[in-house]
Amino acid sequence: MRINVTRSSMPSFEEYCEEIRSLWDSHWLTNNGEKHIALRAALCDYLQSPEVELFTNGHLALEALIAALDLKPGQIITTPFSFASTTHAIVRKGFMPVFADVKEDGTIDPECVEKLITPETRAILPVHVYGRLCDVEKLDEIAQKYGIPVIYDAAHAFGVTKNGVSAACFGTASMFSFHATKVFNTIEGGAITTKSRELAEKLALERNFGITGPEDVVSVGGNAKMNEFQAAMGLCNLRRIGEDIAARKAVHEAYMVELSGLPIGLTAEQPGVESNYAYFPAVFESREIRDAVCTALAEAGVFARKYFYPLINDFECYRDRFDSTLTPVAKRLADGVVTLPMYSDLAPEDVALICRVIREVLTHE
Ligand SMILES: *Cc1c(COP(=O)(O)O)cnc(C)c1O
């Protein structure tokens, strides 16, 4: 038996086949087909966003967003405690990343952000890490004060709300990932949400070669379109998203019970926030203990992941360009963290097994 950190949500084989049947009639496989249009409308509704632009994956959506903002060359303030994509998008679009430290919950620290603002700062790119919302009010204040956009990497935040308001509604725009391992998947896929019609139009150009008509190409866009099979998977998975998140919540609660009393930093509820239970991060007191836990879990057939270790400012590709001792909270979290298996159909016995292994390691230290 093998338990991985995630397991992709899938509809029944029959449901997916029924969803894609019409593609054999139309022979329309990509470029704003009927599934794309239907998914976009359904997501505008679910994410409470007037504009949702779909992409072939979240990373290219983020690159398209950075390009579509038409910023002058300069710096973008971000967090080192994220997936490679966040900083890579900044660098690949020609900007200099500047790393702010995070708070104990792993989200960017607005005070650190404000200290790092210079005349060269062009944008702030925070991450709703593990689906925990950033301090959106403070970040918004900073954005207003300095007249710079905040764009969120909301790859983990699909379905998260704060006082009933969707995570898609904060800042200038937000990027969602619909990768197979995320709470909601279109196999691969992603989206940008924004209130701005103008920005949405620019994103559409970035996604499809800058083409506006059969004989009109108005900008140097790339290709990052979501195809009809991806959109069809999204339509199927969206039907069960409420049940999926409720099942994840039950897994989360089982972990909280099983791990209670152990010296582990666990997810505290954020006031007013309805979580999507995207991940179950557990923070141990040292890297040695965390690594011992990972080894013991692997021996039991449980493959947890160290999200996010190493920090981005410690990546080999960025070596000697950044100093991760300047982001000490992020460093400590990265050293202690492991994300335990989390998916909607993870069995209670498996949660019990995982927690038994962890308890054994901690009580023998
Ligand atoms: C998954 C992820 C991305 C990239 O999304 P893809 O759809 O895989 O390209 C970006 N940022 C974070 C934090 C992610 O977890």
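This is a predicted model: local features need pLDDT of at least 70, side-chain atom pairs count only at pLDDT 80 or more; totals for chains, interfaces and linings use all residues.
Tutor: Helices and strands here are DSSP runs, a helix having at least four residues and a strand at least two, and they are numbered from the N terminus.

Student: What is the peptide bond from Tyr309 to Pro310 like, cis or trans?
Tutor: That bond is cis, with an omega near -5°. The peptide bond from Tyr307 to Phe308 is also cis, its omega being near 10°, and Phe308 lies in the loop that runs between β15 (302-303) and α11 (328-336).

Student: OK, and what about the backbone at His27, is its phi positive or negative?
Tutor: The phi of His27 is positive, at about 55°, although this residue is not a glycine. His27 is found in the loop between α1 (13-26) and α2 (34-46).

Student: Switching to the ligand, where does it sit?
Tutor: The ligand sits in the largest pocket. There are 15 residues around the ligand, and those that come nearest are His59, Asp153, His156, Ser177 and Lys182.

Student: Which elements each supply at least two residues of that shell?
Tutor: Those are the helices α3 (58-68) and α4 (84-92), together with the strand β9 (173-177).

Student: And how many of the shell residues are nonpolar, polar or charged?
Tutor: The shell around the ligand divides into 10 polar, 3 nonpolar and 2 charged residues.

Student: How much of the ligand's accessible area does the protein cover?
Tutor: On its own the ligand has 380 Å² of accessible area, and the protein covers 93% of that.

Student: Last topic, the overall fold: how many helices and strands are there?
Tutor: The secondary structure comes to 12 helices and 16 strands, and the C-alpha trace spans about 70 × 55 × 40 Å along its principal axes.

Student: Why does the radius of gyration agree with a compact globule?
Tutor: A compact globule of 365 residues would have a radius of gyration near 21 Å, and the protein has 21 Å, so the two agree.

Definitions and conventions
Residues are numbered from 1 along each chain as its sequence is written. Side-chain values use heavy atoms; hydrogens and water are left out. A residue is near a molecule or strand if one of its heavy atoms lies within 4 Å of it. Accessible areas come from the Shrake-Rupley method with a 1.4 Å probe; for residues, only the protein chains shown count as cover. On a 1 Å grid over the protein atoms alone, a cavity is a set of points where a 1.4 Å probe fits but cannot get out, and a pocket is an open set with protein on both sides within 12 Å along at least five of seven lines; lining residues have an atom within 4 Å of a point. A molecule sits in a cavity or pocket if more than half of its atoms lie within 2 Å of its grid points. Ala, Val, Leu, Ile, Met, Phe, Trp, Tyr, Cys and Pro count as nonpolar, Asp, Glu, Lys and Arg as charged, and the others, Gly among them, as polar. The radius of gyration is taken over C-alpha atoms; the globule rule is 2.2 Å times the number of residues to the power 0.38.
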